[in-house]
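Me: I'm new to this one. Can you walk me through its charged pairs?
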Amino acid sequence: MLGLEEGDIVAAYLKRHGFVGIGRVTQKAKPVREVLIGGKPLLQHELKCLGIAENSDSLDCSEYVALVDWMKVVERDDARWKSKSGLLTSQLVRASLDGQPATIEFLEAEFSVDFDALLA
């Protein structure tokens with residue numbers, strides 16, 4: 001997460017479902033307690049992840065959040081996946097698609113995006 005830079009393109013993968021979005025990082029990851037959305041602390045917003053504030057008083061144990069402008073998204077029940085196709089999955093929070101042409105082609109087709117154009 002801390003390796004994400006402003007302007008990076010991300011593909012969100014939801015374990016046991018598939019890919020659910022393509023977006024651009026608009027703000028590097030920060031401890032959750034330091035993140036503002038519309039000038040209001042993230043932790044003061046109504047959140048689905050109720051445990052995200054746990055350990056927020058510790059920089060070592062806090063959750064970190066990068067802000068993303070989501071360009072293409074689908075609901076979890078409509079996640080994009082193709083079994084036994086060699087698509088990249090990872091246990092890591094952040095994984096590179098370098099050297100993953102099948103996954104890139106799949107994402108471009110499913111989300112109607114052109115990664116070369118997004119990265120230009």
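Reply: D78, R80 and E110 are linked in a network of salt bridges. A salt bridge here is a side-chain nitrogen of Lys or Arg within 4 Å of a carboxyl oxygen of Asp or Glu.

Me: What kind of model is this?
Reply: It is a predicted model, where local features need pLDDT of at least 70, side-chain atom pairs count only at pLDDT 80 or more, and totals for chains, interfaces and linings use all residues. Residues are numbered from 1 along each chain as its sequence is written, and side-chain values use heavy atoms, with hydrogens and water left out.

Me: OK, how far apart are the closest N and O atoms of D78 and R80?
Reply: They are 2.8 Å apart. For E110 and R80, the N to O distance is 3.2 Å. Helices (H or I, at least four residues) and strands (E, at least two) are DSSP runs, numbered from the N terminus.

Me: Is R80 buried or exposed?
Reply: Buried, at 18% relative accessibility. D78 is partly exposed at 42%, and so is E110 at 34%. Buried means under 20% relative accessible area, exposed over 50%, and partly exposed in between (1.4 Å probe, protein chains only).

Me: New topic. How many salt bridges are there in the whole structure?
Reply: The search finds 3. One of them joins K28 and E5, with the closest N and O atoms 3.5 Å apart.

Me: Where do K28 and E5 sit?
Reply: K28 is in strand β2 (residues 18-31), and E5 is in the segment before β1 (9-14), 23 residues apart. K28 is partly exposed at 39%, and E5 is partly exposed at 36%.
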